[in-house]
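Comments are set out as numbered points.

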Amino acid sequence: MKYEVKDNVLGDDLFQNLCKIIMGKHFPWYYQSVVAYKHEDNKLEYYFTHYIFNNGSEGAFFPFFIPLFKALDIEGLIRVKVNFYPSNPKLIVHSPHVDYKMKHDVAIFSFNTCNGYTLLGSKHSVGSRANRLLTFRGDQKHASTNCTDAKGRFNVNINYTKK
């Protein structure tokens, strides 16, 4: 399982500004009743999302993410999705999956530190730490979790092709 982790990716001012936007009271979140696959039937498996880039279209918050994109070797964006997994007394590991079958790379950037994590394969977990960037090949199965020790787990999932 090949992956890379970089901490303190954005400068403090840029990072704090992005956090204020994402975790602010005016950021629009959209309820998703399943996390990875439609066959999931666990009432505790849900989350909220907001598309920054999808189907070739930039959302209103796209410009705020440009500094983060510059930290990656991006040729083209496929999708940029911000995720909010609400806290729960039980830590839930969602279904392992790949986001897209086409050749691409994945970056997961954490906005806050919590006990949630990304599971790569069945053995490697990378914890959510504020201002941390996890990158890996898109054909590698991964799974998300919620958290139990913060109000929620906030991250952004970037699917892209490399230069």
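1. Basis. This is a predicted model, in which local features need pLDDT of at least 70 and side-chain atom pairs count only at pLDDT 80 or more, while totals for chains, interfaces and linings use all residues. Residues are numbered from 1 along each chain as its sequence is written, and side-chain values use heavy atoms, with hydrogens and water left out.

2. Salt bridge count. Side chains of opposite charge can pair when their charged atoms come close. A salt bridge here is a side-chain nitrogen of Lys or Arg within 4 Å of a carboxyl oxygen of Asp or Glu. Searching the whole structure gives 5 salt bridges.

3. E4 and K6. These two residues form a salt bridge, with 3.8 Å between the closest N and O atoms. K6 is partly exposed at 42% relative accessibility, and E4 is partly exposed at 42%. The classes are buried (under 20% relative accessible area), exposed (over 50%) and partly exposed (in between), with a 1.4 Å probe and protein chains only.

4. D7 and R129. What does this pair tie together? The salt bridge between D7 and R129 has its closest N and O atoms 3.3 Å apart. D7 lies in strand β1 (residues 3-7) and R129 in the loop between β8 (124-127) and β9 (132-137), so the pair ties together parts 122 residues apart in sequence. Strands (E, at least two residues) are DSSP runs numbered from the N terminus. D7 has 35% relative accessibility and counts as partly exposed; R129, at 41%, also counts as partly exposed.

5. Network. D7 and R129 are linked with R132 in a network of salt bridges.

6. R137 and D139. In this salt bridge the closest N and O atoms are 3.1 Å apart. Is D139 buried or exposed? At 52% relative accessibility, D139 counts as exposed, whereas R137 is partly exposed at 41%.

7. Sheet. An open sheet is formed by 3 strands in the order β8-β7-β10, with antiparallel pairing. Strands β8 and β10 (142-143) stand at the edges with a single partner strand each, so one side of each has no neighbour in the sheet. Two strands are taken to pair if DSSP finds at least two bridges between them.

8. Strands β7 and β10. How many bridges join β7 to β10? There are 2 between β7 (residues 117-120) and β10, and the strands run antiparallel. L120 stands opposite H142 in β10.

How values were computed:
Helix = DSSP H or I, 4+ residues; strand = E, 2+ residues; numbered from the N terminus.
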